There are 2 protein chains.
Amino acid sequence: MASPRWYGALAVLVEMRRSPGVTRAAVAQRLGLSSGSATDITARLRELALLTETPAPAEGRGRPTTVLSPHPDGPVVLAVDLRHEDWRCAFAGLDGNPVVLDAAPHPSREPEQAVAAVREAVRRAHARLGDRVRAVGVAVAATVQDGRVVQASTLGWGPVDLTPLGLPGVPLRIDNDATLAGVAEARAGAGAGAGTALHVTVEVGVGGTLVVDGRPVRGATGAGGEFGHLPLGDRTLRCPCGALGCWDLTVDGRALARHLGEPPPADPRTYATTVLSRTDAAALAAVARAAASLGSGIAGLANALDPQVVTLGGLADPLRAAASEAFTAAFTDGLMTFRRAKPPALRAAALGDDAALHGAAATALDAVLTEESLSTWARLRAV
Amino acid sequence: MASPRWYGALAVLVEMRRSPGVTRAAVAQRLGLSSGSATDITARLRELALLTETPAPAEGRGRPTTVLSPHPDGPVVLAVDLRHEDWRCAFAGLDGNPVVLDAAPHPSREPEQAVAAVREAVRRAHARLGDRVRAVGVAVAATVQDGRVVQASTLGWGPVDLTPLGLPGVPLRIDNDATLAGVAEARAGAGAGAGTALHVTVEVGVGGTLVVDGRPVRGATGAGGEFGHLPLGDRTLRCPCGALGCWDLTVDGRALARHLGEPPPADPRTYATTVLSRTDAAALAAVARAAASLGSGIAGLANALDPQVVTLGGLADPLRAAASEAFTAAFTDGLMTFRRAKPPALRAAALGDDAALHGAAATALDAVLTEESLSTWARLRAV
DNA sequence: CCATTAAACTCGAACTTCGAGCATAATCCT
DNA sequence: AGGATTATGCTCGAAGTTCGAGTTTAATGG
C-alpha cells in the first residue's frame with residue numbers, strides 16, 4: 001500500500017506558517033497547485049486537525065476564498081528560554097506564536113536546580129497538552145555544542161546536559177539564544193524577507209548568527225555564530241574564552257570600563273547600560289570607541305558574509321544610536337568599495353526579549369513540519 | 001493529466017552523483033525505496049538516457065546488482081574557468097567530471113577579447129553537444145555580484161558582463177573561482193563528507209567560502225566568502241578594496257614584501273612563491289609572520305563559523321608548511337578553549353588547479369538536477 | 001547439484017495530482 | 001432588482017508514483 005507522502009500538504013502548511021493569514025487561493029497560486037488539488041489538500045489537512053479555514057474578507061469580485069490558520073486542536077511545540085536570571089516555558093501552534101505558560105527566576109546559581117525547575121514546567125505543559133506536543137525547542141544563554149552546554153559565562157555554569165528537558169519520543173532542539181533570536185528576527189522580525197540575514201547582538205560579549213533562507217548556519221557542532229571571538233580586537237588582550245584579541249572585549253561593558261580606566265565590572269551588561277546613559281565627555285568617548293569597533297566589525301562581517309540585512313540585538317542598537325557618527329564612519333570605512341553603493345541594511349532587532357523564545361518555537365516547528373512527524377501525527381489521530 | 005513529479009527519480013540521480021559507483025541496491029536502501037520502486041525508477045531513467053546500469057562485481061551470495069552511472073548520451077553541462085592568464089572550457093556529464101574541450105591564454109588584457117574567445121568556445125561546444133547541454137557554469141578570478149564581475153584585481157578588469165557566455169534557454173551560473181573551488185573541495189576533495197567545510201585560499205589576497213551541505217554560502221548578492229576583507233590585519237593599512245585593516249594584506253606576497261622592507265611587488269603571487277623558496281633568516285621571519293596571521297585568522301573563522309574541516313588552497317598550505325610552528329601556535333592560540341579538544345581538521349586542498357572547474361561543473365549540475373530541468377529534458381527526448 | 005541468499009521483477013492497490021467541466025458567491029453595472 | 005462578470009471552490013476521471021507481497025533469478029557455498 002502506498003503511504004501518504006505529504007509533499008503538497010507539507011508545502012501548504014509551510015506556506016501557511018511563513019505568511020500568517022494567507023488565503024487558500026494565494027497558497028494555491030504560489031505553489032502552482034490546481035484548484036482541485038487545493039480543495040483536496042485542505043480537506044485532508046482539516047480532517048487531520050492541522051488547519052482550519054475561515055471565510056476571508058471579500059476582495060473585489062469573485063467567489064470569496066478562505067484564510068488558512070492553525071487548528072485549535074492541532075500539533076504544538078514547547079519553547080523554553082533559559083536566560084541569565086530566569087526562565088520561561090511556552091507553547092506554540094503551527095503559527096509559531098509562543099504563549100507563555102510558566103516563568104520564574106532561577107532558584108539558585110546551581111544549574112541542577114534550574115534544569116529541574118524547567119523540567120517540571122515542561123512536564124506540566126506536557127500533562128496539559130498531551131500528545132499535541134510534537135517537539136521541544138530550548139534557547140539557552142550559553143555556547144551549545146551538539147545539544148550540550150559547553151560554556152556559559154553569563155549563567156556562570158560549567159558544562160550542563162540539557163537533554164532532561166526533552167520528552168520521550170519527541171524531537172528536542174537546543175541552541176544558543178543569540179542564534180535563535182537571529183532566526184526569529186530573520187523570519188518574522190527586522191530581517192523578514194531577506195534570504196541572507198546577519199544577526200549581531202551585544203550582551204556580555206558579541207553573539208549572533210547568519211541565517212540563510214530561514215535556517216541558521218549552525219556549523220559542524222552547532223556552535224557557529226561566535227562572531228565575538230574573531231580576532232578583530234586588541235591583540236594584547238586575552239579573552240576569557242581562551243583566544244587572543246577577541247572582538248568581544250572591545251565592544252561590550254568590559255571595553256567601556258577599560259576605556260574609562262575602571263576595573264572590569266562584575267556585570268558588564270548593566271554596567272554598559274549605565275555608561276550609555278551618561279552624558280559626560282569621558283563616557284561619550286568610551287562609547288564612541290566601542291561603537292566604532294562594533295561598526296568596523298560589522299562591516300568586516302558584511303564583506304565576508306554578504307548579508308542583505310544586519311539585525312542588531314541587545315545593546316548593539318543602543319550603542320550605535322549613542323555614537324552614531326563614530327559607528328557609521330567606522331562601518332562605511334570598513335566596507336569594500338563596491339559594497340558602499342548598496343550596503344546591507346542595518347536595523348534594530350524587532351522582537352526584543354521575546355526573540356529567543358520565538359526562535360526556539362521556530363526551530364522546534366521545523367522538526368514538526370516533516371514527513372515523518374506528520375505521519376506520526378496522522379497515526380496518533382487515527383487511533 | 002498528472003505530470004511526472006520526479007521525486008524519487010531525482011533522489012536516485014542525486015545519490016548516483018554524490019557517490020560515484022554506487023549500486024542500485026545501495027541506492028534503494030539509502031533512500032528507503034522498495035525493490036519494486038527501484039526497478040521502476042531505474043527503468044524510467046534508463047529510458048530517458050539519464051543513467052545506464054552495468055553489472056556490478058559480485059559481492060558474496062545473492063543475485064548481483066548493477067552499478068549506476070551517467071548515460072553516454074545523457075545531459076551535460078559546460079564548465080568555464082576564467083583565470084589570471086588563461087581560460088578553459090570543459091563539459092561534464094552527471095558525474096561532474098570535467099573534460100576539457102578548449103583552452104587558451106588570454107589574447108590580451110582586454111576583457112572584451114577574452115570574453116569573445118570564451119564565448120566562441122562555448123558556441124563550439126554547444127554545436128558539438130547540441131541539446132545535451134543543459135546548463136553553463138563559469139568560474140572567474142574576480143568578485144562576482146549577482147552574476148556580474150564587479151572587481152577583478154587579478155585579471156586587471158573593471159566591471160564586466162559575463163552573460164554573453166550563456167546559451168539561450170539554459171541556466172547560466174557565474175561565481176568567484178575560490179567559491180567554486182571550495183564547493184569542489186567540500187564535495188569531492190579534501191573536505192568530502194563534512195557537512196560544514198570552510199575553504200580558505202591565498203593567491204593575491206585571501207578568498208574562500210563556507211560550504212554547508214555542498215552549497216556555498218553565497219550571501220545576498222553572491223559576493224560572500226571575501227574573508228580577506230575582515231579587519232583582522234593592521235589597522236594602519238588601507239586595502240585596495242577600499243576597507244581598512246584587511247586580513248588580506250598581512251598574509252600574501254604584499255605582506256612578505258613589507259616585512260622584508262621591499263616595495264610592493266607587481267605580481268604578489270609569484271613574488272610570494274620565490275620568497276617561500278628562500279632559506280635566509282629574513283625570508284623565514286617574513287614567512288613566519290604571514291603564516292601566523294594566516295593561522296590566527298583561520299582560528300577566528302573557526303570560532304565564528306564552526307567548520308568540521310578547513311581546506312587550504314593556493315599558497316595557504318605552502319605557507320603553513322613553510323612555517324608550521326608559527327602557524328600552529330597562532331592557530332591554537334586563536335581558538336576558543338572549548339574548541340581545542342576537537343579543532344577543525346586542516347587539510348591541503350586536493351583538487352589543485354582543477355578545483356574551480358570542478359566547482360563550476362558542480363553548480364551547473366545543481367541547476368540540471370531539478371524537476372523543471374528534467375521535465376524539459378524528457379520533453380526534448382520525446383520529440 | 002541443491003540449499004541459501006540477495007536482489008530483481010511483476011502486479012494490484014493506495015495515494016496524489018492534474019485538468020476540464022461545472023457550481024457558487026461575491027461585485028459591478030444597468 | 002437582476003443579469004453580467006469574475007474569481008474561486010467542487011467533482012470526477014485519468015495519469016503518474018510508490019508500496020508491499022509474492023515470485024523469479026543469479027550468484028555463492030557445501
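DNA strand C is surrounded by 36 residues, the closest being Gly8(A), Gly36(A), Ala2(B), Gly36(B) and Gly62(B), where a residue counts as near a strand if its C-beta atom, placed from the backbone, lies within 6 Å of it. This is a predicted model, in which local features need pLDDT of at least 70 and side-chain atom pairs count only at pLDDT 80 or more, while totals for chains, interfaces and linings use all residues. Residues are numbered from 1 along each chain as its sequence is written, and chains are lettered from A and ligands numbered from 1 in the order in which they are written.

- Two or more residues each come to the surface near DNA strand C from α1 (7-18) and α3 (35-47) of chain A and from α2 (24-31) and α3 (35-47) of chain B; helices (H or I, at least four residues) and strands (E, at least two) are DSSP runs numbered from the N terminus.
- The element that gives the most to this surface is α3(A), with five residues.
- Around DNA strand D there are 36 residues, of which Gly36(A), Gly62(A), Pro4(B), Gly8(B) and Gly36(B) come nearest.
- For DNA strand D, the elements giving two or more residues are α2 (24-31) and α3 of chain A together with α1 (7-18) and α3 of chain B, and the largest share, five residues, comes from α3(B).

**A sheet in chain A**

- Chain A holds an open sheet of three strands in the order β7-β8-β9, with antiparallel pairing, two strands being paired if DSSP finds at least two bridges between them.
- Its edge strands, each pairing on one side only, are β7 (143-145) and β9 (160-161) of chain A.
- Strand β7(A) is joined by three bridges to β8 (residues 148-151) of chain A, and Val144(A) has Val149(A) in β8(A) as its bridge partner.

**Contacts of one residue**

- Apart from its neighbours within four places in sequence, Val80(A) is in contact (C-beta atoms, placed from the backbone, within 7 Å) with Trp87(A), Cys89(A), Val118(A), Val122(A), Val138(A), Ala139(A), Leu165(A) and Ala360(A).

**How the two chains are related**

Conventions:
Two residues are in contact if their C-beta atoms, placed from the backbone, lie within 7 Å.
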